[in-house]
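Have the sequence and the model open beside you as you read.

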Amino acid sequence: MMRGAASSEGIRVVEAGLLTTVQDLGRWGWQSRGVSVSGAMDLRALRLANALVGNGASAAALEVTLVGPTLCFHDRRLVAICGAEFDVTVSGRAAPMQSAFRVEPGDELSFGSRRRGARAYVAIGGGCAVPAEFGSRATQVAAGIGGYLGRPLTAGDRVPLGPVPDADVDPGATRCTYRLALPGDETVLRVVPGPQDGLFGAGTLDALQAARFRVGRISDRMGYRLEGSRLPTTVALELLSTPTVVGGLQVPHDGHPILLMADRQTTGGYPILATVISADLGLAGQLAPGDRLSFQCCSVREAISALIAEERALMAVESLSSS
Amino acid sequence: MTDVPVPGPDARRPPAGSNAASWPRIVGAGDSALLVELGPPESASIDAAVNRRVVALAGALGRAGVAGVRDVVPAFHVVAVHFDPLRVAFERLVSVVHELAALTGTAEEAETEPLVVPVWYGGEAGPDLDEVARQTRLEPGEVIALHTTPTYRVFMVGFTPGFPYLGCVDERLRVPRRSQPRTKVAAGSVGLAGAQTGIYPAETPGGWQIIGRTALRLFDPRRAEPCLLNAGCLVRFRSVAFEEFEALEGA
């Protein structure tokens, strides 16, 4: 984490895009106070972008959603954009994705068409230096916590940046060879059963795996409402509120599941039938309304193997850029 | 990278036929969390004794500071432990939980003074007071009397920062949630839902029946302990006139 005086210029927001927020790895340790974890919807992409510009993994970046912003830079910085694939220009020149590039004072970075995925992460060398709240710079919009004044960016905002990292990374030296999985025509997310699968009838997990869903229009950083198949719900039990987990598939009375995401409420009263594995959460974070998805059960052993593989790939990029 | 022990296929699911009445029952929640159940999940089973064990266990887990544990979250009958599975194995956490549950199982809670919450009941502050009176066949004054008599326990904090779930409401005063939640409930609103009563710390959507409002700040990020009320705290409500509410609000 960079310390010391932040750059006085920062980034000026010319156009905000649909939903651009400051995010980092999330706010852990405060859920007992009702404070959500928040953080990047696609943590893999955030970490890659930070690694490419020589930031630590916990530096704050800008999460860009569906329609990206136009940003004006006032000092020389290294920038990398990872995650969803967009056409991006810097002062009219095409900028590469998944790769670090330099911006000069006065450069304007502009997002164009989106090609694949829903969220991209703009990491700037030095990181976004908004004040941390409860140990994190992640934005939780509903509670107005963290990020830039607890809200999405809007035109005219100036996002402060941390000091440029000492070891100035040569943009050409780090090639990101790790291709992040992004949604296709239909995305399959792996889940482990539970924690409340025992409250559902036998066969519900089979029904889940046979079901075909679309991410509904009422979907956001708190969770995705899934349309399409309806699942058989539990016997009409009134349940005590229980802590939630990111990736949890809640099944309310109408049988249309809700996939809990980064800004999910810390507790909830609907039973969770199955939970998306950590290694597939980044892919889940790249889904947009209208995208088709389905679920496949796997064992915890397989979930952890997948997580180890992903962690190895991310650490390979992180260690290259810090050497 | 150190090798992470990979759990066997059945490590996380309690053996079939295990006695549901034997607690704690530990269930994996995804690959990075587990739930420690100390009582049944049905709303009808809300139980202060179970919750005392939950709060004690959550406290002990927090103090144990096991490397790799990211968060410990108590609720009515269950404690969630969120962890990094690449730093700590599920099996190790199960052992730690069992050890601490045995130590805290019969823990007595320290006697604390209840926090008194001054509430301006009815009128603009309590738009559902008359409806609650109608549903319970009580006078509004009796609703207030029944609400202000008990000492309540904070079972958990959740839903939104600082929102305390208090119980248990007098049986004569139990009403269901509103059929249509409000898109906006004023900050400080005091609500009823079944056996529970609660206070909305900030303006949020809400489905509870709103009978009054307090000027107390339930959640303040500038305080070292941001929540005025946490699990295990005791609370009483006191009816105040609008003038006193207004004076407190300005303070």
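Arg214(A) and Glu227(A) form a salt bridge, with their closest N and O atoms 3.6 Å apart. In this predicted model, Arg214(A) sits in strand E11 (residues 213-219) of chain A and Glu227(A) in strand E12 (residues 223-228) of chain A, so the pair ties together parts that are 13 residues apart in sequence. Arg214(A) is partly exposed, at 38% relative accessible area, and Glu227(A) is partly exposed as well, at 33%.

Glu104(A) and Arg76(A) form a salt bridge whose closest N and O atoms are 3.1 Å apart. Glu104(A) belongs to the loop between strand E7 (100-103) and strand E8 (108-124) of chain A, while Arg76(A) belongs to the loop between strand E4 (70-73) and strand E5 (77-90) of chain A, so this pair links parts that are 28 residues apart in sequence. Glu104(A) is partly exposed at 31% relative accessibility, and Arg76(A) is partly exposed at 45%.

Chain B has its own example, between the side chains of Asp220(B) and Arg217(B), at 3.5 Å from N to O. Here Asp220(B) counts as buried, at 7% relative accessibility, whereas Arg217(B) is partly exposed, at 48%. Back in chain A, salt bridges with shared partners join Arg47(A), Glu311(A) and Glu318(A) into one network. Over all chains the count comes to 24 salt bridges.

Some of these pairs, and one that crosses between the chains, are set side by side here.

| Salt bridge | Closest N to O |
|---|---|
| Arg33(A) and Glu225(B) | 2.5 Å |
| Glu104(A) and Arg76(A) | 3.1 Å |
| Arg214(A) and Glu227(A) | 3.6 Å |

Now to the interface. Between chain A and chain B, 42 residues of chain A are in contact with 51 residues of chain B. About 3800 Å² is buried between chain A and chain B, and carbon and sulfur atoms give 66% of that area. Arg33(A), Leu240(A) and Pro243(A) supply 18% of the area that chain A buries against chain B, more than any other three residues.

How many salt bridges are there between chain A and chain B? The count is 1, and Arg33(A) forms a salt bridge with Glu225(B). There are also 12 residue pairs in polar contact between the two chains. On the side of chain A that touches chain B, the elements giving two or more residues are strand E10 (186-193), strand E13 (242-243) and helix H4 (300-322) of chain A. H4(A) gives the most, with 9 residues.

Next come the cysteines. A search of the whole structure finds 0 disulfides over all chains. Cys298(A) is in no disulfide either, and the nearest cysteine sulfur, in Cys297(A), is 7.7 Å away. Cys298(A) counts as buried too, at 12% relative accessibility.

The backbone has a few spots worth a look. The peptide bond from Gly194(A) to Pro195(A) is cis, with omega near 15°, and Pro195(A) is in the loop between E10 and helix H2 (204-210) of chain A. In chain B, the peptide bond from Gly167(B) to Cys168(B) is cis, with omega near -5°. Cys168(B) is in the loop between strand E7 (164-167) and strand E8 (182-185) of chain B.

Ser38(A) is not a glycine, yet its phi is positive, near 55°. Ser38(A) lies in the loop between strand E2 (21-23) and helix H1 (43-52) of chain A, and is buried at a relative accessible area of 5%. Phe159(B), another non-glycine, has a positive phi of about 75° and lies in the loop between strand E6 (152-157) and E7 of chain B.

Strand E3 (residues 69-74) and strand E4 (residues 78-83) of chain B pair in the antiparallel sense over 5 bridges, forming a hairpin with 3 residues between the strands. Within this pairing, Val69(B) stands opposite Phe83(B).

Thr104(B) is in helix H2 (residues 90-104) of chain B and is buried, with a relative accessible area of 11%. A polar atom of the Thr104(B) side chain lies 2.8 Å from the backbone oxygen of Leu100(B). Leaving aside neighbours within four places in sequence, Thr104(B) is in contact with Ala56(B), Leu57(B) and Ala60(B).

Terms used. Residues numbered from 1 in each chain as written. Chains lettered and ligands numbered in written order. Predicted model: local features only at pLDDT ≥ 70, side-chain atom pairs only at ≥ 80, totals over all residues. Heavy atoms only, no water. Pairing = 2+ DSSP bridges. Helix = DSSP H or I, 4+ residues; strand = E, 2+ residues; numbered from the N terminus. Disulfide = S-S within 2.5 Å. Buried < 20%, exposed > 50% of the residue type's maximum accessible area, 1.4 Å probe, protein only. Contact = heavy atoms within 4.5 Å. Buried area = accessible area lost by both parts, 1.4 Å probe. Salt bridge = Lys/Arg side-chain N within 4 Å of Asp/Glu carboxyl O. Polar contact = N/O pair within 3.5 Å; in protein donor to acceptor, adjacent residues only side chain to side chain.
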